[in-house]
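Open the model in your viewer and keep the selection panel at hand. The stops below go from a ring pair to strands, then to the nonpolar cores.

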Amino acid sequence: MTLTLARLVGPSGGVVGIDMDVVKIELAQQDAREQDVGHVEYRSGDAAALEARGEYDAVYARLLLTHLAEPEAALQRMIAAVKPDGVVIVEDLDHSALFAYPECPAVDRYVALYNEVARRRGGGVPSQHRKQPHGPGRGRAAGPDRARRRRYGHYRRHVGDRLPP
C-alpha cells in the first residue's frame, strides 16, 4: 500500500512506511527499487509509538489496530501526527459488519477464533459490538472533533483515485 500511496502523491511528495518487522521492510525496499519508486522511505519501528507531531498530510493504517492492546492510544498518536487539515485513514476489522444470511456457524466460529487469537496476543477484539451493527467507533474515543467514520462491509476498498486536498 505504501507504493500505491507514493504513486498517488507523485514524485514531488514523499511517503514513509513503518513496520516493526525488519524482513517486511527489506522486502518493501526491494519492491520500491524494482518499481523505480524513489520518493518512499521505509522505517523499522512501532507504529503505536509514533512520536511525530503535525508532520504529515495523511496517516494511513491497515489492519493495525486489531493487533494492539491499546488501539485508542495509537489512533491518538496518528491524529497528532497529521497537520491540522490532515487526514487519518484507518482500515481495520469490524466484526459487527461481518454476517452471513442465512446464519452460518462457520462464520460465528471464525469470529470467535480470531477474537481469541487477538486477545491471547495482547491485541484488541475487532468489535465487541457484534450484535449492534452501528456500535461505538474507536475514532470518537481518540478525538470526536476530528473523527469521521465510514463503514464498509467485509469487502473494503482501498484509498480511491486520489487523496483529499
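Start with the aromatic rings. Searching the whole structure turns up one aromatic pair. Select Tyr-110 and Tyr-114: their ring centres are 6.0 Å apart and their planes meet at 50 degrees, so the pair is tilted. For the terms, rings of Phe, Tyr and Trp (its six-membered ring) pair if their centres lie within 6.5 Å; planes under 30 degrees apart are stacked, over 60 edge-to-face, and the rest tilted. Both tyrosines sit in helix 4 (residues 105–120), four residues apart, about one turn of the helix. Helices (H or I, at least four residues) and strands (E, at least two) are DSSP runs, numbered from the N terminus.

Tyr-110 is partly exposed, with a relative accessible area of 37%. Tyr-114 is also partly exposed, at 24%. Here buried means under 20% relative accessible area, exposed over 50%, and partly exposed in between (1.4 Å probe, protein chains only).

A note on the model before moving on: it is predicted, so local features need pLDDT of at least 70 and side-chain atom pairs count only at pLDDT 80 or more, while totals for chains, interfaces and linings use all residues. Residues are numbered from 1 along each chain as its sequence is written, and side-chain values use heavy atoms, leaving out hydrogens and water.

Now zoom out and show the cartoon. The protein chain has five helices and four strands. From the N terminus, the order is α-β-α-β-β-α-β-α-α. Of its 165 residues, 32% are buried.

Next, select strand 1 (residues 15–19) and strand 2 (residues 40–44). They run parallel, joined by five bridges. Strands pair if DSSP finds at least two bridges between them. Which residue of strand 2 is the bridge partner of Val-16? It is Glu-41. Val-15 stands opposite Val-40 in strand 2.

Go to Arg-7, in helix 1 (residues 2–9). Arg-7 is partly exposed, with a relative accessible area of 46%. Beyond neighbours within four places in sequence, Arg-7 contacts (heavy atoms within 4.5 Å) Gln-35, Val-37 and His-39. Draw a distance from the C-alpha of Arg-7 to that of Val-37: 7.9 Å, across 30 residues of chain.

Finish inside. A nonpolar core is a set of buried Ala, Val, Leu, Ile, Met, Phe, Trp, Tyr and Cys residues joined through side-chain atoms within 4.5 Å. The largest one has 13 residues; Ala-52, Tyr-56, Val-59, Leu-65, Ala-74, Met-78 and Ala-81 touch the most other members. Strand 3 (56–62) and helix 3 (71–81) each supply at least two residues of this core. Helix 3 gives the largest share, five residues.

Centre on Ala-81. Leaving aside neighbours within four places in sequence, Ala-81 contacts residues including Leu-50, Ala-52, Tyr-56 and Val-59. Last stop: a second, separate core of eleven residues, among them Leu-3, Ala-6, Ala-28 and Tyr-60.
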